[in-house]
Amino acid sequence: MNYVRISVKAPAKINLTLDVLAKRPDGYHEVEMVMTTVDLADRVDMTLREDGEITLDCSASFVPDDIRNHAYKAATLMKEKFQVRQGVHLYIDKQIPVAAGLAGGSSDAAATLRGLNQLWNLGLTKDELAKIGAEIGSDVPFCVYGGTALATGRGEQIAHLGAPAPCWVILAKPPIGVSTPDVYGNLRVAQIDNHPDTKQMLQAIATQDFSLMCQSLGNVLENVTLSLHPQVRQIKDLMIASGADGVLMSGSGPTVFALVQKEAKVHRIYNALRGFVKDVFVVRMLGAQDGEILA
Ligand code: C5P
């Protein structure tokens with residue numbers, strides 16, 4: 001099928017666990033993370049350009065429209081690697097908060113890789129797209145597949161998992177942007193005293209045990225971001241006080257999420273948070289692998 005225009009969903013992810021095992025000689029950290037996609041998503045529209053140019057527009061004006069943008073970088077890499085004559089105009093409809101710990105930029109890049117594979121007729125597999133994604137950022141390979149996975153290495157090695165127990169996810173982002181390199185830079189690996197039990201989380205997912213999943217939530221970057229931004233702690237406390245079953249910061253933050261099984265609790269937590277922060281989203285986990293192409 002030859003497309004001239006294609007739209008791809010770019011869902012946000014949350015970390016159910018994030019453990020750091022060691023600092024690597026290349027400056028990255030060796031991690032172990034359980035991640036899952038949720039139904040808060042950007043949309044990336046791709047329109048074929050016969051003049052070979054790569055251009056980008058975004059619904060949020062503060063998002064860069066050049067090589068600093070991961071989606072732009074993805075298009076440039078694909079064009080160079082496969083010597084594509086055509087170009088593309090990218091339009092990003094931004095719904096995922098930026099610099100939030102939700103992998104919005106990485107997911108836009110992954111959606112661009114998936115979309116251009118179709119638009120430019122490249123015939124690449126998802127594994128090949130994920131490998132290219134690793135050149136853009138550590139979270140991009142996970143976002144190529146979506147669903148639920150254990151990510152290791154610097155985050156680019158993906159082992160697929162089944163869907164966790166169905167539940168509601170309430171996301172709240174305080175009005176601050178967090179720099180991932182700053183958070184990793186402030187982490188002292190030898191002093192980590194809150195390593196999550198990744199094995200137990202894997203078991204919770206395999207058995208779809210909601211309460212075990214809530215007990216197994218853990219993120220070693222949380223204490224670093226909490227010390228830099230005390231508002232994050234206030235949001236966590238508010239979620240717990242409003243009856244959340246499990247609460248954790250996602251990625252390097254500052255977004256915090258609450259897991260809830262009963263719908264009645266969702267409204268209570270949402271209302272409590274809305275009095276405090278503007279960016280609050282009620283979403284569902286997407287569960288298994290997705291990667292939906294819209295048109
Ligand atoms: O891979 P990505 O470009 O998204 O990473 C951004 C920054 O986060 C890296 O430059 C590094 O400082 C930090 N990081 C890390 N270990 C990882 C992933 C990211 O130290 N596994």
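**Briefing: fold, domains and pockets of a predicted model**

The secondary structure of the chain comes to ten helices and eleven strands, where helices (H or I, at least four residues) and strands (E, at least two) are DSSP runs numbered from the N terminus. The radius of gyration, taken over C-alpha atoms, is 19 Å, close to the 19 Å that the globule rule gives for 295 residues, so the chain is as compact as a globular protein of that length; the rule itself is 2.2 Å times the number of residues to the power 0.38. This is a predicted model, in which local features need pLDDT of at least 70 and side-chain atom pairs count only at pLDDT 80 or more, while totals for chains, interfaces and linings use all residues. Residues are numbered from 1 along each chain as its sequence is written, and side-chain values use heavy atoms, with hydrogens and water left out.

**Overall shape and domains**

- The C-alpha trace of the chain spans about 55 × 45 × 35 Å along its principal axes, and 56% of the 295 residues count as buried (under 20% relative accessible area, with exposed over 50% and partly exposed in between, for a 1.4 Å probe and protein chains only).
- Of the contacts (heavy atoms within 4.5 Å) with a separation of 6 or more, 76% are accounted for by residues 24 or more positions apart.
- The chain is divided into domain 1 (5-161) and domain 2 (168-284), with bounds that come from an automatic or database domain assignment.
- The C-alpha centres of domain 1 and domain 2 lie 23 Å apart, and the contact takes 29 residues from domain 1 and 34 residues from domain 2.

- A pocket here is an open set of points on a 1 Å grid over the protein atoms alone where a 1.4 Å probe fits, with protein on both sides within 12 Å along at least five of seven lines, and lining residues have an atom within 4 Å of a point; a volume is the space filled by probe spheres set on the points, which are joined across faces, edges and corners.
- By class, the lining of the largest pocket divides into 19 nonpolar, 17 polar and eight charged residues, where Ala, Val, Leu, Ile, Met, Phe, Trp, Tyr, Cys and Pro count as nonpolar, Asp, Glu, Lys and Arg as charged, and the others, Gly among them, as polar.
- The second largest pocket holds about 180 Å³ of space, and its lining, which includes Arg188, Asp193 and Val220, has five nonpolar, five polar and two charged residues.

**Buried sites**

- In helix α3 (residues 126-134), Leu129, Ala130, Ile132, Gly133 and Ala134 are buried, and the buried residues of α3 pack against α1, α2 and α4 (140-145).
- Alanine 149, found in strand β5 (residues 148-152), counts as buried at 0% relative accessibility; leaving aside neighbours within four places in sequence, alanine 149 is in contact with Met33, Val34, Met35, Phe142, Ile158, Ala159, His160 and Leu161.
- Histidine 229 sits in the loop between α8 (222-228) and α9 (231-241) and is buried, with a relative accessible area of 17%; beyond its neighbours within four places in sequence, histidine 229 is in contact with Ile176 and Val178.
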